[in-house]
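Welcome! Take a moment to look over the sequence and the 3D view, and then we will walk through two parts of it together.

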Amino acid sequence: MKILVCISKTPDTTAKIAFTDNNTKYDTNGVQWIINPYDEWYALVRAIELKEADASHSLHLISVGGADAEPILRKALALGGDEAIRVNIDSDDSYVIATQIAEVAKSGGYDLILTGKETIDHNGSSLGGMVAELLDLPYVSLATKLDLNGSVAQVTREIDGGQELNEVNLPVVISAQKGMAEARIPNMRGIMAARTKPLKVVEPIACDPLTSTVSFEMPPAKAGVKLVSPEQVEELVRLLREEAKVV
Amino acid sequence: MVLIYADNINGVIKKSSLEALSYGAAVAKQLGTEAQALVIGNTSSDLSELGKYGVSKVQQLSGPESFDAQAFAKLVADKATECNATVVVFSHSLMGKALASRVSVRLKAGLVTGAVALPDTSNGFVVKKSVFSGKAFANVRINTPVKIVSLNPNAFTAVLGEGKAEVMTSPVSITTNVKVVSTEKSSSDRTLTESEVVVSAGRGMKGPENWGMIEELADVLNAGLACSRPVADAHWRPHHEHVGQTGVAIAPNLYIAVGISGAIQHLAGVNRSKVIVVINKDPEAPFFKAADYGIVGDAFEVVPKLTAALKASV
Ligand SMILES: Cc1cc2nc3c(=O)[nH]c(=O)nc-3n(C[C@H](O)[C@H](O)[C@H](O)COP(=O)(O)OP(=O)(O)OC[C@H]3O[C@@H](n4cnc5c(N)ncnc54)[C@H](O)[C@@H]3O)c2cc1C
Ligand SMILES: Nc1ncnc2c1ncn2[C@@H]1O[C@H](COP(=O)(O)O)[C@@H](O)[C@H]1O
C-alpha cells in the first residue's frame, strides 16, 4: 500500500510574530522553522507506525514550497519514510497547494493521504478537504485514531461533544490530530539515513490562486492586568459583572 | 444571494451556526441582497424561527442521518449554484471545516477560514481571519466571483431580530462512503469552542484529584472546562480539554486560568478570549501580562472563595 503524508513548514511555536514591508509580509528574520506539529507528531508518526507494522507499505512525504522546505523534509525523513517530494512553488493560497498535492497524488496512486489538522501559521484547516475534493475521495477530518484492516481504514474522529468510529474504503484522505500517535525524536541512525533518501523536486502545474493576502495586523495591546487581592474575591466578581460584563 | 450553511447536532441548530446566520445576513445587507439558510438533515426545531437571525428563507434537505463531507459538499455546492449564491457562509466548526474546503473546490470559489469580522467590501472582498494561532490577523482578498467564508465561533454575536423565514423542505438521499460504526459521547455536553465562559487549569493544581473545585467553579458559571497541555499529556484530564497552539483554540467571553503559567504555546490558543482572569501564586507568571484581571494567590484557597462569591452574588 502507498501512503502519502503532507508536510508543511511552520515557524517554531515560540517564534516572534512580526511583519515587514508595510505589514504585508511575515518577518522571517531569525525564525527557526519546524515541521508543522500536527503533521509531524500525528500524521507522520502514525504513518511510520503503520509501516513498522507492515514493511510492504511505501511511505512518501510531500511538501509544497521553495528550496527552504528541504531541511524540513530531511528532518521528516529522519523520523521515517522512504522518499520525499517537493513541489517547487511558494504559495499562501490553499487551493494552489492542494492542486499541486492532488496532481502528485493522481499519478502516485496513493491509498492513504494524511494531513495535519491545520497549519499553526496559516490556520486554514482546509487543505485536506480540498485535496479530497480534487481527487473525489472521502475525507475524514480531525482523526484521533487510525488503523488499517485490509482495504478498509478504521478511523476515530472528533465530533461535537464526542467521538465517532468510521469505516471507510481506501483510498481516503484523513486529517490527523492529537491522540493518533505520540511524538518521536529522530535518532542518529535516522538522521544519517535521511541524508541519502531520495528527495525529488517536481515543478508545479499552472494554477491561479483564488485568494491573496493583502496585509497582516497584530491584535490590539491589552491595557494591563488589574490585580485583586486574594482576600477580596468579591471585588473580582463585581468587576466581572459591572466593568467587564462577562458574568 | 448569501447562502448560509447551518450545522445541526441531532436536529438542533448549533450556536455557532446562529452566529453564522447573523453574519451572513449582515454580509447580505452590505451587498444589498438577501440571505438564505441551508440545513441538511432532519431537525426538531421550528426552522422558520431562523428568520429572527435575518434570513428570509430556509431550505432544508431532509433525510441524511449522518454527516459525510463528500456527499454534503455536493449538496451545498449544487444548492449554491442553483440559487446563484455569490457568498456562501459556514461556521468554522468541526463539520464546517470539512465542508467549506470541499465546496470551495467544487465551486472553484476562494475560501477564507476562521473569519473574525465582516468583509471589507469597499474595494473587492477582503476578510479578516485569525492566523498564527490567534497571535495575529491576516486580511485576505477573495479573487473569485463566488466567495466562501467560514466564521470563527464566538467572533460575531448572533443578533436576534424579528421575523419568520419561509421554510422549504425537500427530501434528498445520499450515498456515503463513510460508515459510522459507533459514536461515543464525552462527559461534558458543552462544546468547548462554543462556551461563552471557560474555566481552565494547569499543573498548579498538583493532581487530577484536585479538579473538584475547578468543576464547581465551572458549574456556577455554566462554563466549559479546559486545561494546559501537560495536564492532558499526564492524563489528568481528557485530551479534548487541551487548549493552546497544539490543542483547541478558543475565544470565549471569559477565560479563567488557574495554576497555568501562560507559556506562549498556551496563550496562542486562548488569546482571542475577550476577558482573561489569571489565578496564580507566582506574581511573575507570564500569564499576568496577557490578563485583564488577576489574583496572585494560592488556587486552593482562592478558587473555592471565588465559587462561593459567585454563588452569593446571583
Ligand atoms: C511545540 C509545543 C507546543 C505546545 N503546545 C501547547 C499547547 O497547545 N497548550 C499548552 O498549554 N501548552 C503547550 N505547550 C507546553 C507549554 O510550553 C508549557 O509547558 C505548558 O503550557 C505549561 O503548562 P502549565 O502552565 O499547566 O504548567 P507550568 O508551566 O508548570 O505552570 C504551573 C503554574 O502553576 C502555578 N502554581 C503552582 N501551584 C499553584 C497554586 N497552589 N496556586 C496557584 N498557582 C499555582 C505556578 O506558579 C505556575 O505558573 C507546547 C510546547 C511546545 C514545545
Ligand atoms: N505547503 C504545504 N505542503 C504540504 N502540505 C501542506 C502544506 N500546507 C499545508 N499542508 C498540509 O495541510 C494541513 C492543513 O493545512 P491548512 O489547511 O493550511 O491548515 C497541514 O497540517 C499539512 O499536513
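## Contacts with the ligand

Let's begin with Gln265(B): an N or O atom in its side chain is 2.7 Å from an oxygen atom of ligand 1. Keep in mind as you explore that this is a predicted model. His266(B) also reaches an oxygen atom of ligand 1, with a polar side-chain atom 2.8 Å away.

## Around the ligand

How many residues surround ligand 1? There are 28, and the closest are Arg203(B), Ser228(B), Thr246(B), Ser261(B) and Gln265(B). The site is shared between chains, because the residues that surround ligand 1 come from chains A and B.

## Two helices in chain B

Now turn to helix 2 of chain B, residues 69–82, and helix 3 of chain B, residues 94–107. Their axes are 9 Å apart, and the two pack at an angle of about 50 degrees. Helix 2 of chain B and helix 3 of chain B are therefore described as oblique to each other. The crossing of helix 2 of chain B with helix 3 of chain B is right-handed.

Which residues make the contact? On helix 2 of chain B they include Phe72(B), Val76(B) and Thr81(B), while helix 3 of chain B contributes residues including Leu99(B), Val103(B) and Arg106(B). Taken by type, the residues of this contact comprise ten nonpolar, two polar and three charged.

How values were computed:
Residues numbered from 1 in each chain as written. Chains lettered and ligands numbered in written order. Predicted model: local features only at pLDDT ≥ 70, side-chain atom pairs only at ≥ 80, totals over all residues. Heavy atoms only, no water. Axes fitted to C-alpha atoms, helices over the stretch in contact; angles between N-to-C directions. Helix = DSSP H or I, 4+ residues; strand = E, 2+ residues; numbered from the N terminus. Parallel < 35°, antiparallel > 145°, perpendicular 65-115°, else oblique. Left-handed = near helix turned anticlockwise from the far one by under 90°. Contact = heavy atoms within 4.5 Å. Nonpolar A, V, L, I, M, F, W, Y, C, P; charged D, E, K, R; others polar. Near = heavy atom within 4 Å. Polar contact = N/O pair within 3.5 Å; in protein donor to acceptor, adjacent residues only side chain to side chain.
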